[in-house]
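Here is my notebook from a first look around a structure that was new to me. Come along and check each entry as you read.

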Amino acid sequence: MKQKTGYNFQELLQRKRFQMAVFLLCDTKLSIEEIALDVWYENQSYFFRQFKKRYGMTPHKYRKENIKDKKR
């Protein structure tokens, strides 16, 4: 799998989870806690840390900035 995609299974799974989280943050009014659970992160603090590591900001800030961009 890594030879074809450049990512191992765990990395691909995490990328998919965060793609879904970003979609839910921008296109729904679900709470961030609900989104974490919806993308299979039972440990919310771990979800927050991983999100911030990947996107450089908290899920709340990401939502705020991207919803603001959509209103322009």
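**Entry 1: what I am looking at.** I noted before anything else that this is a predicted model.

**Entry 2: the start of the chain.** I began with Met1, which sits in the segment before helix H1 (2-5). Is Met1 buried or exposed? I found Met1 exposed, at a relative accessible area of 55%. Leaving out residues up to four places away in sequence, I listed what Met1 touches: Gly6, Tyr7, Asn8, Phe9 and Leu12.

Entry 3: Two packed helices are described by the angle between their axes and the distance between the axes, so I looked up both. For helix H2 (residues 9-27) and helix H4 (residues 44-55), the angle is about 90 degrees and the axes are 12 Å apart. Angles of 65 to 115 degrees count as roughly perpendicular, and H2 and H4 are therefore roughly perpendicular to each other. Which residues make the contact? On the H2 side I wrote down Gln14, Arg15, Phe18, Ala21, Val22 and Leu25. On the H4 side, I have Phe47, Gln50, Phe51, Arg54 and Tyr55. Sorted by class, this contact has 7 nonpolar, 2 polar and 2 charged residues.

**Entry 4: a salt bridge.** How many salt bridges does a search of the whole structure find? The search gave me 1. The side chains of Glu65 and Lys61 meet in a salt bridge, at 4.0 Å from N to O. Both belong to helix H5 (residues 59-71), and because they are 4 residues apart there, about one helical turn separates them.

**Entry 5: aromatic rings.** My count of aromatic pairs came to 11. I picked out Phe18 and Tyr41, whose ring centres are 5.7 Å apart and whose planes are at 40 degrees, so the pair is tilted. This pair links distant parts of the chain: Phe18 is in helix H2, while Tyr41 is in the loop between helix H3 (32-38) and H4, 23 residues apart. Phe18 is buried, at 0% relative accessibility, and Tyr41 is buried as well, at 4%. Finally, I noted one aromatic cluster formed by Phe18, Tyr41, Tyr46, Phe47, Phe48, Phe51, Tyr55 and Tyr62.

Note on methods. Residues are numbered from 1 along each chain as its sequence is written. This is a predicted model: local features need pLDDT of at least 70, side-chain atom pairs count only at pLDDT 80 or more; totals for chains, interfaces and linings use all residues. Side-chain values use heavy atoms; hydrogens and water are left out. Axes are lines fitted to C-alpha atoms, for helices over the stretch in contact, and angles run from 0 to 180 degrees between N-to-C directions. Helices (H or I, at least four residues) and strands (E, at least two) are DSSP runs, numbered from the N terminus. Angles under 35 degrees count as roughly parallel, over 145 as roughly antiparallel, 65 to 115 as roughly perpendicular and the rest as oblique. Contact means heavy atoms within 4.5 Å. Ala, Val, Leu, Ile, Met, Phe, Trp, Tyr, Cys and Pro count as nonpolar, Asp, Glu, Lys and Arg as charged, and the others, Gly among them, as polar. Buried means under 20% relative accessible area, exposed over 50%, partly exposed in between (1.4 Å probe, protein chains only). Rings of Phe, Tyr and Trp (its six-membered ring) pair if their centres lie within 6.5 Å; planes under 30 degrees apart count as stacked, over 60 as edge-to-face and the rest as tilted.
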